[in-house]
Each structure stands twice: as C-alpha cells, then as structure tokens.
Amino acid sequence: MSLLEVRDVTRRFGGLTAVDGVSFDVHEGSIKAIIGPNGAGKSTLFNVLTGFDRPDEGSVSFQGRELTGERPHKVVLRGVARTFQNTQLFEEMTALENVLVGRHARTRTGFIAAALRLPGTGTEEKLAREEAARLLRLLGLESWTDSPAADMPHGLRRLLEIARALATGPTLMLLDEPAAGLNHAETATLAEALYRIRDAGVTLVVVEHDMGLVMEISDEIVVLDQGRKIAEGPPRLIQKDPEVLRAYLGQEDEDE
Amino acid sequence: MGGSELLQFVISGLKNGSIYALVSLGFTIVYASTGVINFAQGEFYMLGGMFSVWAFATFGLPLWLAAIVGILLTAATGILFELLAIRPRKDGDQLSLIIITIGGSLLLSSLARHLFGPDELAIPAFTSGPSVRVFGAAIERQTLWIWGLTITAVVILNWVYNKTKLGRALRACAINRDAARLVGVDTRLIVTVSFALAAALGGLAGLSVAPLTQTAFDAGARVGVKGFAAAILGGLGNPIAAVAGGLMLGLIESMSIAYLSSTYKDAISLLVLLLVLFVRPQGLFSRSRREKV
Amino acid sequence: MRRGVLKFAPLAIGSLVVACMPLLVDDRYLLKVLSFVAINVVIVTGLALLFGYAGQISLGHAAFYGIGAYASGYATTTLGLPWIVGLIAAILLSALGGVLLALPSLRLKGHYLAMATLGFGEIMRIAFVEAQPITGGPDGLGSIPYPSIGSFEMSAPVGTYLLAWGAAGLTLLLATNIVRQRPGRAMRALHGSELGAMACGIDIVGLKVRVFTVSAVLAGVAGSLYAHLVGFVSPSTFSLHFSVILIAMAVLGGSGSLAGPFVATALLTLLPFADAIIPGLSRDALALIQDWEADVYGLIIILVMLFAPGGVAGMLRRRRRGAGVRP
C-alpha cells in the first residue's frame with residue numbers, strides 16, 4: 001500500500017520553478033531515496049512534503065488523506081517527522097532534552113497542568129524521559145545524555161536530530177542529507193541506524209548525496225533534475241539509466 | 001471646513017511629516033546596514049536640538065554655526081554609540097542588538113538630562129519675520145526652513161547613494177552583507193557610517209524643529225516611535241518609501257486633528273503603526289516576500 | 001540524597017527569612033520597599049518566561065501592569081467590590097489584553113514585535129490619561145483600600161508585605177513547575193530554533209500566544225498588588241520607562257533561569273531605595289544614586305548584552321559547574 005502519494009507537485013519562486021510536476025509514491029516499510037544534483041529541488045520538495053512550504057500546484061496525501069497545506073506541527077501530529085540539511089538542534093539543551101522536545105507531539109501537559117502539577121503530569125514526564133532515554137540508546141548516544149547539543153561532534157548531532165524526529169512517533173520519516181559531513185565510520189553507523197529504524201516499522205524517505213549509502217540502503221530511488229523527475233526505480237536500474245547518467249552520475253564520477 | 005483651513009492642516013501635516021521623514025530615514029539607513037531597528041534613533045533627534053541649544057545659548061555661537069555644531073556632535077554621538085555598544089557584539093545577533101539599542105536609548109536620554117538639565121529648551125527661529133500667507137493659510141518661516149532642509153538632505157543622500165563609492169557600498173550591504181564583504185566592502189565601516197548618517201539626519205530633524213516645539217531630554221522616544229511608524233508605513237529598507245511614509249503619517253495626524261480632536265493625535269499614529277504591522281508588515285510600497293526555509 | 005538536601009537548603013532558609021522578616025524588623029519603610037521587590041519579582045518572572053525562556057521581547061509590560069492596577073482600583077473604589085473581585089478583574093483584563101495583542105503581533109519577529117508591544121504600551125498610556133471616568137485621568141485614582149477577605153484586612157506594611165511575598169513565592173513555584181516540564185522545554189526549543197521546534201510538533205504561534213498571555217497576567221497581578229499596596233495609581237507609573245527597567249531586570253537576570261532574574265530584580269529594585277537596606281547611607285549619596293538610576297539601568301542593559309550575555313543566571317551556572325554539581 002502506498003503510504004505517501006505525491007501528485008504533480010509544482011513550486012515556483014518568482015520566475016524559477018524549483019519543483020516541476022513531480023509525482024511518486026512511497027510504500028510502507030520501504031526506504032526511498034531522492035537524489036539529484038544541487039539545485040534539483042530536493043530541499044524544496046522536502047519542505048512541501050512536511051508543511052514548511054506550500055505547493056503552487058499538485059497535492060500530497062498521507063495514509064489516503066490530504067496533507068497539502070497542513071501547518072508543520074500538524075504534519076508531525078499526522079505521523080510525518082523530518083530532519084534538516086543544516087541541523088536544527090536546540091544547542092543549549094542537553095541531548096536528552098532535545099529528544100524530550102521531540103515527545104512534545106505525543107504528550108499533553110499544558111501550562112496550567114504543569115504549573116499545578118495536576119495528576120498525570122508526573123507519570124507523563126516519567127514515561128517521556130524513559131522513551132527519550134531508549135531512543136538515545138537506539139542511536140548509541142546514551143553517553144551524551146546530559147551534554148548540551150552544542151558540545152557534540154558533528155556526526156553525532158545528525159544522529160541526535162534523527163533521535164529527536166523518532167521521538168515524535170512517526171510513521172514516515174524524511175531525512176535531509178543525513179550523511180552530509182560524516183566520515184566513513186559514521187556513515188556506516190548511520191546506515192545501521194536507518195535499518196534499525198526501518199525494521200521498527202518507520203518508512204523512510206532520504207535525500208542524500210552519498211551515492212554509496214543511497215545504493216546500499218534504498219529500495220527505490222527518485223531522481224530529480226532541475227525540478228523534474230527524470231527517473232524512478234530500484235538502485236540497479238537507476239545506475240544504468242542513461243538519462244540519470246547524463247544528468248547526475250556523470251558529474252559524480254568526475255568528483256571521484 | 002473651508003479650503004484655507006484645510007490647507008493650514010495640510011501645511012502643518014507636511015511640516016511634521018518632514019520631521020518624521022528625516023527620523024524615518026535614520027531608521028532605514030541603520031536597518032539596511034545591520035538588519036536591526038535602532039531604538040535609540042529618537043534620541044538622536046533629541047540630541048540634535050539639545051546640542052544646538054547648548055552651542056547657541058551657552059557658547060554664544062551664531063545660530064547657523066550652532067546648528068552645524070549640533071549636527072556634527074549628534075553624528076559623533078552616533079559613531080561613538082556604534083563603536084562602543086554595537087561593534088563589540090561581533091556575532092550581530094539581532095535580538096541582542098535590539099536590546100542594546102533599547103538600553104542605549106535610556107542611557108542617552110538620561111545622560112542628556114545630566115548634561116542639559118530637566119527643563120524644556122528652545123532656540124530662536126532661523127529667520128525672524130511674519131508668516132508667509134498662501135491662499136489664506138499661514139506658513140511659518142521655520143516651516144519653510146524645515147522643508148528646505150529636508151529636501152536638501154534627501155537630495156544629498158540620494159546623490160551619495162547613487163553617485164559615490166560610499167553609496168554603492170551602502171547599497172551593497174543592504175542587499176547582502178556577506179556578499180558585500182566578499183567583494184571587499186569594509187562592512188564594519190559601513191555600519192559605523194550608517195549610524196553617523198542616521199544620527200546626523202535625526203539631529204537635523206531635532207534642531208530644525210526646536211524653534212517651534214521646545215525640546216527636552218525625554219523628547220526622543222515619542223518622535224522615535226513616529227519615525228519608526230513612518231518607516232514601517234513606507235516599508236523598511238527603502239529610503240524613498242521612508243520619506244513618503246513620513247509625509248503620509250504627518251498628513252494622517254494632521255487630518256485626525258482637523259476632523260477628530262488633537263487629543264488623539266498621538267494615538268492615531270500609534271494605531272497606524274499597529275495596523276500596518278499587523279496587516280502589512282512589509283509596508284505599503286513593497287511587494288511581499290515569502291521567507292524560504 | 002545529601003546533595004538534594006543541600007540544593008533545597010538555601011531555598012528553605014531564604015523563604016524562612018522572607019516570612020519572618022516582619023517579626024525581625026519593625027521598619028515600615030523597609031517592609032514597603034521589600035514589598036516592591038516582591039511585586040517586581042512577580043512581573044519579572046513573567047518576563048523571564050517570555051524573554052529568557054521563549055526568546056520573545058516585550059516593551060509593553062508596563063501597560064499590563066497598569067491594566068491590572070486600574071482594573072483592581074476601579075473595581076474596589078468606584079464599584080465598591082471586594083478585593084478578590086478586583087484581583088480577578090485584573091487577571092481577566094490583562095489576559096484579554098495579552099491575547100488581543102499577542103494574536104496579531106506574535107507572527108512578527110524580533111524588532112517588529114518589540115515595536116508592536118511598544119506601540120501598544122503607549123496607546124494604553126494615552127488611554128489611562130484620557131479615560132477619565134474610569135482612571136481618574138492624569139490625577140490618577142486614589143483611596144484604593146487594602147486587600148481584605150471578609151472583615152480580615154491585610155494592611156500595610158506587614159499584611160501587604162506577606163501578601164506580596166506570598167504572591168511572589170507562588171509565582172516562582174508555578175513558574176518553576178512550568179519550566180521544568182513540557183511547556184518549559186517547548187519554550188526553550190522555540191528560543192533555540194523555530195524550525196526545529198516546528199519539526200517537533202510545536203505550534204509555535206500558539207505557544208508564543210500562551211507564554212505572552214501568562215506573562216501579561218503576571219504583570220496584571222503585580223499591578224493589582226501594587227494598587228492595593230500604594231492605595232493610589234496614576235498614568236506616569238505605567239510608562240515606557242518602566243517597561244525598559246523591567247527589560248533591564250530580565251536582561252541582567254539572564255536567559256533560561258528564574259533564579260537569575262529573581263536576584264537581578266531584587267538588586268535593581270533596591271537600588272533607588274538603597275537607604276532602606278544600608279543604614280546610615282547619607283542623604284546626598286542616596287540622591288546621587290537616584291539621580292543616576294536611569295543611566296545605570298541603561299548601562300547595565302548594554303554591558304550585560306556585550307560582555308555577560310548569560311547575566312546573573314550565567315554566573316550562577318558557572319559557579320554551580322565549578323562546584324561540580326553538573327558534569
């Protein structure tokens with residue numbers, strides 16, 4: 001079954017069409033990668049999918065219901081979490097607190113309940129802390145529990161942002177270049193973590209530049225170029241697609 | 001209301017509007033170079049008047065020289081304020097800079113009270129003589145001075161912006177500070193220069209209106225808010241729009257006195273400020289921009 | 001365990017000293033000054049939530065303080081209603097004002113928000129002067145009674161002192177509960193990264209409106225306390241100048257803390273009343289302090305932002321870290 005349906009999504013900025021009539025499906029339990037050269041419209045598409053931006057045309061539906069036009073926090077409540085290309089951590093808060101903020105969507109204590117410590121708030125807080133600690137362990141971050149996010153090394157910060165996104169209890173998670181700036185060992189850890197997350201029942205959409213990682217983990221790949229979808233399919237086929245080679249992989253080969 | 005009465009209100013509106021336009025230009029210039037609203041802008045207006053009174057009354061300088069001294073000392077204060085309070089905050093964090101200018105506003109006005117005393121002060125009109133009569137309305141000679149000086153300031157500023165190297169650097173900073181730095185513009189110097197210009201314009205406004213309305217150490221905040229309202233009305237960052245916003249606010253105020261009551265003059269401009277902020281924060285003359293994530 | 005006890009010891013001793021103060025000293029002036037400290041603690045705690053935790057600025061809090069003061073004053077004098085009704089009126093009206101201002105203006109960022117709140121504050125000040133039948137105009141509103149419940153009257157200085165500090169203590173307790181749980185974390189998240197906060201499912205506009213309203217209500221409560229303590233309110237109290245002084249207290253206090261702003265509020269409130277706590281301070285010295293009070297506030301704002309952005313809270317944190325309580 002199709003978890004996420006993207007239909008003819010178009011987004012323009014002034015005269016520039018950043019995303020141009022893109023359609024694809026994401027199936028439950030899979031890992032889908034979105035690749036393309038810089039400026040292909042990947043991040044814009046991500047923003048549209050997560051409510052941070054609105055499409056000029058087209059629609060996005062999630063679990064059979066319209067998602068287009070929902071505000072970001074509503075999208076999170078529907079079960080779609082995201083990370084950012086430039087990590088958006090809460091720098092002065094500890095790793096545990098960062099993940100606890102991720103629990104915001106799944107907890108209820110408001111100002112009055114918190115101020116008066118109404119019955120239930122203590123239990124909720126305790127459960128949230130346990131869940132946050134569990135997620136830190138899942139991503140191997142438990143030794144950083146009480147360190148401010150600002151003090152953590154770059155690679156672990158990306159993992160922390162993933163842990164925070166997981167804390168929102170997503171069905172679908174969108175990761176914007178999770179391997180950017182990671183070394184080989186860190187990338188391997190990341191791949192490991194992504195499998196574990198997928199196995200825990202979370203569907204993944206990953207925008208990524210690291211071709212090795214993309215070919216290894218993804219079940220299906222969507223290739224964007226100048227806002228258009230130029231190919232879609234399993235990694236083996238994408239690697240051989242002439243249009244993709246021309247638009248993208250050719251460049252990548254030059255880099256290496 | 002008769003035609004000549006209405007004209008009288010228009011004249012008065014354009015007089016106050018010119019003052020707001022000068023203060024509003026100060027906001028715009030500093031905003032363009034720093035991305036921050038300078039809450040101390042109104043204090044430059046106050047200082048312009050105070051320094052001129054001081055130079056005129058205490059040192060007995062001729063009025064024209066006292067006015068020049070007033071502008072120069074105010075500009076110097078602006079430079080000093082930037083060097084001592086803005087520049088040391090190297091990260092340029094906006095909330096912090098805003099708070100610094102709020103503190104600066106309080107500090108400048110209370111220092112002025114120590115320097116010049118708590119009383120209201122005034123200087124004589126630049127040229128004495130009866131009002132000029134036009135179609136049954138009277139224009140005070142000082143009003144003509146205000147218009148003349150405002151137009152001169154705008155023309156000079158326009159020339160600086162469009163014809164000089166400094167102006168190009170100022171415009172480059174306004175568009176993109178990082179890019180400007182990359183192509184070799186000394187952005188720190190530009191920030192200092194913009195504070196000097198903003199202070200000079202505020203000072204000019206303060207001293208040219210000082211003969212009509214007395215000035216005191218606490219006169220800055222009120223005019224500062226109006227100058228900001230004018231800048232917002234026009235749309236922050238555009239000098240022409242800032243002037244237009246100033247004149248418009250002056251006219252709106254004047255008309256509210258004509259048709260409502262002078263009691264609500266200040267409230268009206270504040271309401272205009274809130275209304276524009278809530279409904280059209282990008283101003284009347286700019287197109288809306290959507291922020292990109 | 002021992003560490004836990006140690007942590008609460010200063011708090012317990014502090015509360016005890018504050019509560020027993022009226023038994024220890026018999027100085028009406030000192031008690032009144034200390035009551036002002038308590039009232040300012042209530043309002044600055046609200047500002048600490050708004051500014052120090054959520055990262056939003058307000059230059060209009062003097063207006064909410066005024067709304068609370070006039071609401072309470074009008075209800076208990078002109079309408080002759082009991083004190084508690086005045087207090088409730090103060091809470092409701094400041095909440096209403098807070099929501100009405102917050103809804104449109106919290107979509108605005110940084111300097112726009114500062115100017116919108118400043119504009120609101122100035123409009124309210126004009127309203128306080130012009131709404132003569134309610135506020136008494138420029139002459140103000142007098143003969144506001146002491147707080148009383150039934151026939152029990154809390155008169156100055158001891159009754160009002162205990163009431164003000166009771167309110168301050170309650171405010172600090174409730175605020176501590178808020179910042180240590182879900183809403184407090186959401187506020188800090190908002191301050192840290194709005195995008196990150198949205199991605200965590202936080203309705204950032206809704207959250208800002210809530211924090212702003214809470215802080216407006218605390219200012220309203222403080223205003224009500226002030227009106228009944230002093231017995232007289234006039235528009236000049238609720239000026240932009242006062243809003244800026246409150247900013248100075250919150251800035252000096254530092255962000256992400258309630259203890260820091262508490263200490264800063266006490267210090268800056270006592271400054272112009274230095275003679276109350278320093279016996280034998282000469283009249284000239286006091287006059288000098290009062291003459292330079294505004295300069296000091298302005299200078300403090302600038303210096304803290306430039307050289308000690310953590311404020312008092314930053315210093316407390318460093319000390320605690322030095323003592324090894326935090327890893």
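Colleague: What makes a residue of chain C count as buried, and what percentage of the 327 residues are buried?

Modeller: A residue is buried if 20 or more other C-beta atoms lie within 10 Å of its own, with C-beta atoms placed from the backbone; 12 or fewer make it exposed, and anything in between partly exposed. By that count, buried residues make up 53% of the 327 residues in chain C. The model is predicted: local features need pLDDT of at least 70, side-chain atom pairs count only at pLDDT 80 or more, and totals for chains, interfaces and linings use all residues. Residues are numbered from 1 along each chain as its sequence is written, while chains are lettered from A and ligands numbered from 1 in the order in which they are written.

Colleague: How do you know that the radius of gyration of chain C agrees with a compact globule?

Modeller: The radius is taken over C-alpha atoms, and the globule rule is 2.2 Å times the number of residues to the power 0.38. For 327 residues a compact globule would come out near 20 Å; chain C has 20 Å, so the two agree. Its C-alpha atoms fill a box of roughly 55 × 45 × 40 Å along the principal axes.

Colleague: Why is chain B called as compact as a globular protein of its length?

Modeller: The rule gives 19 Å for 293 residues and chain B has a radius of gyration of 19 Å, so the description holds. Chain B has 11 helices and 2 strands, where helices (H or I, at least four residues) and strands (E, at least two) are DSSP runs numbered from the N terminus.

Colleague: What makes residues of chain C and chain B count as in contact, and how many are there on each side?

Modeller: Two residues are in contact if their C-beta atoms, placed from the backbone, lie within 7 Å. On that criterion 33 residues of chain C touch 32 residues of chain B. α5(C) gives the most to this side of chain C, with 13 residues.

Colleague: How do the residues on that side of chain C divide by class?

Modeller: They divide into 24 nonpolar, 6 polar and 3 charged. Nonpolar covers Ala, Val, Leu, Ile, Met, Phe, Trp, Tyr, Cys and Pro; charged covers Asp, Glu, Lys and Arg; the others, Gly among them, are polar.

Colleague: Which element gives the largest share of the side of chain C that touches chain A?

Modeller: In that interface 24 residues of chain C are in contact with 32 residues of chain A. The largest share of the chain C side, 7 residues, comes from α8(C). By class, that side has 12 nonpolar, 7 polar and 5 charged residues.
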